Amino acid sequence: MDKLTNIEEILENIDDMIDRAVNIPFNKKGLIDTDKLREYLDDIRVNMPHQIKEAQAISEKESEIISRAKKEAEAIVKKAEDRARVLITNEEVVKQAQAKANEIISNAQLKSKEIRRATNDYADLILKQTEEVLLKSLNDVKTTRNGIQQTQRRYGNSVSSLPSHYEINNK
């Protein structure tokens, strides 16, 4: 089997496998190829760390963006302060410079807050989406596993007409 790299794709394949399961007469239960299911579960286990690393990278990127925004705000503030010092030559110029510096500082602080808020919102969205995917994946795996266990408990080894590529384990 080719290595699948997307957990959603793997889950879709598991769902398709369930849809194609051999139905047991007079029952809603079905039999599936457990070896194939184990391969899909292994692929999920391999790919989950990748998606977790992706979430960590997003978090690191957020820190980098915030750091850059702080530096930019500090540079703007420093530039405003430097400009204010230059403009202090007479009383009217001083008043104008102070007003302009305050405006620049206020704008820089507002811009910094907006950037921080947008960065936090974006990181939260990505982390939430990753969490939802991981939770859905986990729930799908639990549901599939429970279905397999119920089928195994219900039928045990009494189903003798199974094709050889199907396996029922009693655990």
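**Exercise 1. Confidence**

Task: State how confident the predictor is in this protein overall, and in which helices its confidence is lowest and highest.

Solution. Start with the whole chain: the model is predicted, and its mean pLDDT is 82. Next, take the share of residues that score at least 70, which is 84%. Then go to the elements. Helix H2, residues 34–87, has the lowest confidence, with a mean of 82. Helix H3, residues 91–155, has the highest, at 90. A caution applies to reading any such model: where pLDDT is low, the predicted coordinates should not be read in detail.

**Exercise 2. Overall layout**

Task: Give the order of helices and strands along the sequence, and describe burial and contacts for the protein as a whole.

Solution. Count the elements: the protein has three helices and two strands. Reading along the sequence gives α-β-β-α-α. For burial, 29% of the 171 residues are buried. For contacts, consider those with a separation of 6 or more; 70% of them join residues 24 or more positions apart.

**Exercise 3. A backbone angle in a loop**

Task: Find where Phe26 sits, what its phi angle is, and whether the residue is buried or exposed.

Solution. First place the residue: Phe26 belongs to the loop that runs between strand E1 (22–23) and strand E2 (30–31). Then look at the backbone. The phi of Phe26 is positive, about 60°, although the residue is not a glycine. Last, check accessibility. Phe26 has a relative accessibility of 90%, so it counts as exposed, the cut-off being over 50%.

**Exercise 4. A serine in helix H3**

Task: Describe the surroundings of Ser137 and say which backbone oxygen its side chain reaches.

Solution. Ser137 is part of helix H3. Its relative accessible area is 0%, so Ser137 is buried; the cut-off is under 20%. The side chain reaches the backbone oxygen of Val133 at 2.8 Å. To find neighbours from elsewhere in the sequence, leave out residues up to four places away; Ser137 then touches Ile7, Leu11 and Met48.

**Exercise 5. The cavity**

Task: Say how many cavities of 30 Å³ or more are counted, and which residues line the largest cavity.

Solution. The method rests on a simple idea: rolling a probe the size of a water molecule over the atoms shows where empty space is left. The count gives one cavity of 30 Å³ or more. The largest cavity holds about 30 Å³ of space. Its lining consists of Ala69, Glu72, Ala73, Ile76, Ala108, Lys111, Ser112 and Ile115. H2 and H3 are the elements that give two or more residues to this lining. Sorted by type, the lining has five nonpolar residues, one polar and two charged.

**Exercise 6. One lining residue in detail**

Task: Take Glu72 from the cavity lining and find which side chain it contacts and how far it is from Ala108.

Solution. Glu72 lies in helix H2. Its relative accessible area is 34%, so Glu72 is partly exposed. The side chain of Glu72 makes a polar contact with the side chain of Lys111, at 2.9 Å. Lys111 is also listed among the lining residues. For the distance, Glu72 and Ala108 are 36 residues apart in sequence, and their C-alpha atoms are 8.4 Å apart in space.

Key. Residues numbered from 1 in each chain as written. Predicted model: local features only at pLDDT ≥ 70, side-chain atom pairs only at ≥ 80, totals over all residues. Heavy atoms only, no water. pLDDT = per-residue confidence, 0-100. Helix = DSSP H or I, 4+ residues; strand = E, 2+ residues; numbered from the N terminus. 1 Å grid on protein atoms, 1.4 Å probe; cavity = no way out; pocket = protein on both sides within 12 Å on 5 of 7 lines; lining within 4 Å. Points joined across faces, edges and corners; volume = space filled by probe spheres on them. Nonpolar A, V, L, I, M, F, W, Y, C, P; charged D, E, K, R; others polar. Buried < 20%, exposed > 50% of the residue type's maximum accessible area, 1.4 Å probe, protein only. Polar contact = N/O pair within 3.5 Å; in protein donor to acceptor, adjacent residues only side chain to side chain. Contact = heavy atoms within 4.5 Å.
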